[in-house]
Amino acid sequence: MDSVTIERIKTIHPILRDELGKDYIECNNLLGSNVRLRFAYVYRTEAEQNELFKKKPKVTNARGGQSIHNYGLAFDIVLLYDKDGNGTFETASWDMVKDLDKDGIADWMEVVNFFKSKGWVWGGDWKSFKDGPHFEKTFGHTWKTLQSKSSFMDNGLKYPIL
């Protein structure tokens, strides 16, 4: 398991925390021994979102408050590869076709298929601005409805009451 990801899971909305922790372990175990799943982002503050919004080339259409990450209901993935077998996982990859474990299914798509089977919406299925690393569970909400909900604090982070 990836200790960075385990810490980031602690920032997902509390209603999803246990579920995502279990899903992460199960999904990671599906990958070959030289592949690890890392969550690049989970919760993002509005300030962090605004910094991403300013990046060139464009990586997001969402300003602060307009991202599901700002409500703790999304995560982004990256795959880590240990190319020399020494356990360091020195290479980060967003390659959607690489099949390092040589099981006939791209490692990225193994992760996608797993999380979709657990009810997560994949940004790669979106019609415009496909977001291949992104997964979310919004419980039927949009950023606008989430923005208008009452909220609570948990470990210094603000989450909507669902």
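**Entry 1: rings**

I'm working on a predicted model. With that cut-off, I found that ring pairs link Y24, F39, F75, F114, F115, W120 and F135 into a cluster. The structure holds 10 aromatic pairs.

Next I checked F152 and Y159. Their centres are 5.8 Å apart and the planes stand at 35 degrees, so I call this pair tilted. On accessibility, F152 is partly exposed, with a relative accessible area of 29%, whereas Y159 counts as buried at 1%.

**Entry 2: charges over rings**

I then looked for charged ends sitting over rings. R44 lies over the face of Y41, 4.6 Å from the ring centre. I also noted K98, whose charged end sits over the ring of Y81 at 4.5 Å from its centre.

**Entry 3: the largest pocket**

R44 came up again here. The largest pocket has a lining of 27 residues, and R44, T60, W126, D131 and H134 lie nearest its centre. I have its volume down as about 560 Å³.

Which elements supply the lining? I found that strand 1 (35–41), helix 3 (46–54), strand 2 (74–81) and strand 5 each give at least two residues to the lining of the largest pocket. By type, I sorted that lining into 12 nonpolar, 11 polar and four charged residues.

**Entry 4: the second largest pocket**

I moved on to the second largest pocket, which has about 210 Å³ of space. It is lined by 13 residues, and E46, N70, Y71, S151 and K158 are the closest to its centre.

Helix 5 (143–147) and strand 7 (157–160) each supply at least two residues of this lining. Which element gives the largest share? I checked, and strand 7 does, with three residues. The lining of the second largest pocket divides into five nonpolar, four polar and four charged residues.

Note on methods: Residues are numbered from 1 along each chain as its sequence is written. This is a predicted model: local features need pLDDT of at least 70, side-chain atom pairs count only at pLDDT 80 or more; totals for chains, interfaces and linings use all residues. Side-chain values use heavy atoms; hydrogens and water are left out. Rings of Phe, Tyr and Trp (its six-membered ring) pair if their centres lie within 6.5 Å; planes under 30 degrees apart count as stacked, over 60 as edge-to-face and the rest as tilted. Buried means under 20% relative accessible area, exposed over 50%, partly exposed in between (1.4 Å probe, protein chains only). A charge sits over a ring if NZ of Lys or CZ of Arg is within 6 Å of the ring centre and within 35 degrees of the ring normal. On a 1 Å grid over the protein atoms alone, a cavity is a set of points where a 1.4 Å probe fits but cannot get out, and a pocket is an open set with protein on both sides within 12 Å along at least five of seven lines; lining residues have an atom within 4 Å of a point. Grid points are joined across faces, edges and corners, and a volume is the space filled by probe spheres set on the points. Helices (H or I, at least four residues) and strands (E, at least two) are DSSP runs, numbered from the N terminus. Ala, Val, Leu, Ile, Met, Phe, Trp, Tyr, Cys and Pro count as nonpolar, Asp, Glu, Lys and Arg as charged, and the others, Gly among them, as polar.
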